[in-house]
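Hello,

Here is the structure we talked about. My notes follow below it.

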Amino acid sequence: CRRWRDDLRVAVVVDIRRRQTIRPESGGQPGVQRREVPRPVAVPPVKPERPASVKAVVIGDSHAAGVGYSTTLHAALTAVYPGQVAYYGVCSANIAWWLTPPQARNARMPCHAAAKPGRPAPRIETGPVPPLPSLDDLLAAKPALVVFALGSNPDADPARLLGQVREKLAAAGSETRCLWVGPPPIPPRLDGYKKTFYEQLNAQLAGRCRVIDSRTVMSGQPAG
């Protein structure tokens, strides 16, 4: 038995080595072997899971991913739409990030919080962002309500991107209501950008989305 096991071990090793090397083609140096170069294996792109039964969708930046805010909003929506809330917040994300196809996004974001329909309230996590659904994916589920919590992180051309969002909402139909939670009054260095953003937000989505001015809510004073 021992000799049989030794013979089997030798046969396996020889077979492995033979698969790793090939003989040189004619014209090569005799007796020289070269290692076979493995062919690259095509890996199909990872497709994000598209929620099948969704009535409320939340997408946003750290404003949505933040502790307290995310759990409170998720609980409020779940009370109205039990088991049918899709909640996604990605720190440092802007409008362009959410309009970009999942496979082309930058996954190296500071943090994220996500909860698929029927799952518990989202928790902040660090590390690469998983392939979350795009806005098109989520609107394809025909939700009754979409909540955007975006605007804290500057976009290169927010007016154009807001126009794209308006077109996507129009294609989704009037049955999908929209609520936009605008950026908070911090950090102060972005006050100028946020003032312009709110003007563009109201101009592009007036009559389509209800806009909540977080500057007013958080400061307790009317925003300028």
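Start with Lys168: it is partly exposed, at a relative accessible area of 22% (buried is under 20%, exposed over 50%, partly exposed in between; 1.4 Å probe, protein chains only). This is a predicted model: local features need pLDDT of at least 70, side-chain atom pairs count only at pLDDT 80 or more, and totals for chains, interfaces and linings use all residues. Residues are numbered from 1 along each chain as its sequence is written, and side-chain values use heavy atoms, with hydrogens and water left out.

**Salt bridges**

The structure holds four (a side-chain nitrogen of Lys or Arg within 4 Å of a carboxyl oxygen of Asp or Glu). Among them:

- Lys168 pairs with Asp136, closest N and O atoms 2.9 Å apart. This pair joins helix H6 to helix H5, 32 residues apart (helices are DSSP runs of H or I, at least four residues; strands are E, at least two; both are numbered from the N terminus). Asp136 is partly exposed at 42%.
- Asp157 meets Arg160 at 3.5 Å, N to O. Asp157 is partly exposed at 34%, and Arg160 likewise at 47%.
- Asp213 meets Arg215 at 2.8 Å, N to O. Asp213 is buried at 19%. Arg215 is buried at 14%.

**Arg123**

Arg123 sits in the loop between strand E5 (112–115) and helix H5 (135–140). Arg123 is exposed, at 65% relative accessibility. Its C-alpha atom is 8.1 Å from that of Thr71, 52 residues apart along the chain.

Regards
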